[in-house]
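Me: I have a structure open and want a quick walk through it. Can we go topic by topic?

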Amino acid sequence: MELFKRTLGSGAEYPMAYNNIAYIHYLEGNDEEAIRYYRESLARQVPYPEAYLYMGHSYLALGRKKEAKESFTKAVQLYRKYDEPQKARDTALLIERIQ
């Protein structure tokens, strides 16, 4: 993570560095930080479906079901756009399971 943070500190715009930091926070269970970095990543690059997918998981872990559904829905839309039907179906199933 430190390497990615140094990259960001250089003043250059590297959207995937934000995404990678977000993913590390996600894996460590730091969901608020993960969401913050996913938002930064998405603001700087072409929409990346996995960013929405994992951000949705972080929202869900925090009990923020509405935001989780919105993130998962955006991931489904992007998976369909990028012709990844299996990932779209799998993510749609996540949405259905949210009570």
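Me: In what order do the elements run from the N terminus on?
Reply: They run α-α-α-α-α-α. The protein has six helices and zero strands. Helices (H or I, at least four residues) and strands (E, at least two) are DSSP runs, numbered from the N terminus.

Me: Ground rules before we go on?
Reply: This is a predicted model, where local features need pLDDT of at least 70, side-chain atom pairs count only at pLDDT 80 or more, and totals for chains, interfaces and linings use all residues. Residues are numbered from 1 along each chain as its sequence is written, and side-chain values use heavy atoms, with hydrogens and water left out.

Me: What pLDDT does the protein average?
Reply: The average is 90, and 87% of the residues score at least 70. pLDDT is the predictor's confidence in each residue, from 0 to 100.

Me: Which elements have the lowest and the highest mean pLDDT?
Reply: Helix α1 (residues 2-9) has the lowest, at 56. The highest belongs to α5, at 98.

Me: How much of the protein is buried?
Reply: Buried residues make up 36% of the 99 residues. Buried means under 20% relative accessible area, exposed over 50%, partly exposed in between (1.4 Å probe, protein chains only).

Me: And what does the accessible surface come to?
Reply: About 5,900 Å², of which 51% belongs to carbon and sulfur atoms. Accessible areas come from the Shrake-Rupley method with a 1.4 Å probe; for residues, only the protein chains shown count as cover.

Me: Now the largest nonpolar core. Which residues touch the most other members?
Reply: Y38, Y52 and M55, out of 22 residues in that core. Two or more residues each come from α2 (15-28), α3 (31-44), α4, α5 (65-81) and α6 (85-97). The largest share, six residues, is from α5. A nonpolar core is a set of buried Ala, Val, Leu, Ile, Met, Phe, Trp, Tyr and Cys residues joined through side-chain atoms within 4.5 Å.

Me: Stay on Y38. What does Y38 touch, beyond four places in sequence?
Reply: N19, A22, Y23, Y26, A51, Y54 and M55. Contact means heavy atoms within 4.5 Å.

Me: What share of the contacts with a separation of 6 or more joins residues 24 or more positions apart?
Reply: That share is 42%.

Me: Switching to rings. How many aromatic pairs are there?
Reply: A search of the whole structure finds four. Rings of Phe, Tyr and Trp (its six-membered ring) pair if their centres lie within 6.5 Å; planes under 30 degrees apart count as stacked, over 60 as edge-to-face and the rest as tilted.

Me: Why is the pair of Y18 and Y37 tilted?
Reply: Their planes are at 35°, so the pair is tilted, with the ring centres 6.3 Å apart. Y18 sits in helix α2 and Y37 in helix α3, 19 residues apart. Y18 is buried at 11% relative accessible area. Y37 is buried too, at 10%.

Me: What about Y26 and Y54?
Reply: They form a tilted pair, 5.0 Å centre to centre with 50° between the planes. Y26 lies in helix α2 and Y54 in helix α4, so the pair ties together parts 28 residues apart in sequence. Y26 is partly exposed, with a relative accessible area of 22%. Y54 is partly exposed, also with 22%.

Me: Which residues form one aromatic cluster?
Reply: Y23, Y26 and Y54.

Me: Which residue other than glycine has a positive phi near 55°?
Reply: D83. It lies in the loop between α5 and α6. At 63% relative accessibility, D83 counts as exposed.
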